[in-house]
Amino acid sequence: MRVYQCHFCSSPVYPLHGIMFVRNDAKEFRFCRSKCHKAFKQRRNPRKLRWTKAFRKAAGKELVVDSTLTFAARRNVPVRYNRDLVATTLKAMSRIEEIRQKRERAFYKNRMRGNKDKKLAADKKLVEENPELLRMREVEIRRRAEKQQAKQNAMEEEEIASDDMMSDDEEMESASESESEQEQQQVKQKVLLKNKRKVRA
Amino acid sequence: MGRYSVKRYKTKRRTRDLDLIYDDISSKESIIKLKNQPLDEDKPGLGQYYCVQCAKYFENQLTLDRHTKAKVHKRRVKELKQRPYTNLESEAASGVNMLKFIESVEKYKQLEQFKKDNETEFEALANQKKDNLDAIITGVPSEEFQKKAEGTTEITEVETQKQALAEDAEMS
């Protein structure tokens with residue numbers, strides 16, 4: 001009982017799984033599932049399909065040349081049973097697997113290293129290219145100025161209508177009240193906008 | 001896969017794989033053997049006009065030439081320039097038999113180097129032009145081929161005449 005490798009995607013083919021195709025020249029082709037089998041029949045090149053191991057190795061997405069990868073091999077000569085040999089082999093297998101996983105992880109980390117900087121640069125570029133999308137501050141300032149204008153007009157009309165009705169302190173209070181109201185409204189606006197953005201995203 | 005695609009890719013309709021064709025075009029003996037197949041009445045063109053890269057038989061030399069200039073053939077030639085995908089490669093990708101795979105890659109490179117050195121010979125063998133079927137069956141070469149044969153002999157006669165003149169000039 002052996003676990004074979006799929007001819008197309010190199011994934012393990014466990015017993016009772018997949019299909020084996022034997023060609024006229026007596027070469028065997030094992031497939032893990034019908035996806036790989038059908039792709040083979042359509043004569044697709046595994047090196048071009050991104051999800052196969054062959055592509056990943058060929059494109060340098062995974063560790064290719066490493067000494068830990070050379071240990072596993074099909075040896076066609078049977079070895080006489082030796083208990084110590086079996087014990088050491090099993091220990092070695094688990095240890096080699098450990099080392100291989102660590103190296104693969106290191107390789108992956110190395111590959112992903114520059115991503116944060118790239119992303120930051122891309123975002124900066126985006127902000128610079130699209131200034132009109134980020135004019136929120138200007139919009140806020142404009143709206144606040146308009147509101148102040150409206151208030152001032154209203155107050156002027158009141159003054160004209162009833163002279164010296166309000167004392168200075170009251171004016172200050174009302175002014176501050178109106179300002180705080182405006183700020184609250186603007187805060188509310190800001191919150192609304194934020195929510196809108198979140199809903200969209 | 002739809003019904004039509006399934007019909008196209010049935011195993012009984014399967015054509016020759018790329019790694020087998022690669023082996024075909026890699027050695028001179030195999031090219032010679034495939035280009036000079038025995039007369040077989042079941043095959044189109046009695047099996048005489050065979051495109052090695054595409055593994056197809058054609059009716060006569062004219063159709064074979066037209067095929068050679070066409071896109072399908074050129075695409076196939078391009079595909080064959082890459083290293084063929086084998087079981088060893090799929091096993092190596094999953095981490096088994098790595099050393100064997102590396103050895104096979106070395107062999108492939110050596111073979112490619114050898115083919116590159118003898119490029120003209122290989123191409124000449126692959127692009128052999130053949131006479132039409134009547135000539136092949138009866139053994140009597142047609143007019144074009146006779147002219148070709150005579151043409152080569154005429155050229156050699158001209159060369160010997162020139163040599164004779166040059167010698168006379170030297171003598172005198």
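Me: Reading from the N terminus on, in what order do the elements of chain A run?

Reply: The order is β-β-β-β-α-α-α-α-α-α. That gives chain A four strands and six helices. Keep in mind as we go that this is a predicted model.

Me: And what pattern does chain B follow along the sequence?

Reply: For chain B you read α-α-α-β-β-α-α-α-α-α-α-α.

Me: Let's take one helix. Which residues of helix α1 of chain A are buried?

Reply: First the general idea. An α-helix has 3.6 residues a turn, so residues three or four places apart point the same way. Now the case here: α1 of chain A covers residues 34-41, and its buried residues are A:Cys36, A:His37, A:Ala39 and A:Phe40. Looking down the axis of α1(A), you find those buried residues within an arc of 165°, so they line one face of the helix.

Me: What do the buried residues of α1(A) pack against?

Reply: Two strands of chain A: β3, residues 19-22, and β4, residues 28-31.

Me: What follows α1(A), and what is its phi?

Reply: A:Arg43 follows the helix, with a positive phi near 65°.

Me: Is A:Ser10 buried or exposed?

Reply: To answer that, you need the cut-off: buried means under 20% relative accessible area. A:Ser10 comes in at 4%, so it counts as buried.

Me: What about chain B: where does B:Leu46 sit, and what is its phi?

Reply: B:Leu46 lies in the loop between α3 (28-35) and β1 (49-51) of chain B. Phi is positive there too, near 55°, and the residue is again something other than glycine. With a relative accessibility of 23%, B:Leu46 counts as partly exposed.

Me: Next, B:Ala55. Which residues is it in contact with, leaving aside neighbours within four places in sequence?

Reply: Start with its place: B:Ala55 is in the loop between β1 and β2 (56-58) of chain B, and it is partly exposed at 23% relative accessible area. Once you set those sequence neighbours aside, its contacts are B:Arg16, B:Ile21 and B:Tyr50. For another distance, go to B:Leu125, 70 residues away along the chain: its C-alpha atom is 16 Å from that of B:Ala55.

Me: How many of the residues are buried in chain B, and how many in chain A?

Reply: In chain B, 30% of the 172 residues are buried. In chain A, 16% of the 201 residues count as buried.

Me: What is the accessible surface of chain A?

Reply: About 16600 Å², with 54% of that belonging to carbon and sulfur atoms. For chain B, the figure is about 12200 Å², and carbon and sulfur atoms hold 54% of it.

How values were computed: Residues numbered from 1 in each chain as written. Chains lettered and ligands numbered in written order. Predicted model: local features only at pLDDT ≥ 70, side-chain atom pairs only at ≥ 80, totals over all residues. Heavy atoms only, no water. Buried < 20%, exposed > 50% of the residue type's maximum accessible area, 1.4 Å probe, protein only. Areas by Shrake-Rupley, 256 points an atom, 1.4 Å probe, with all protein chains shown as cover. Arc of directions from axis to C-beta. Contact = heavy atoms within 4.5 Å.
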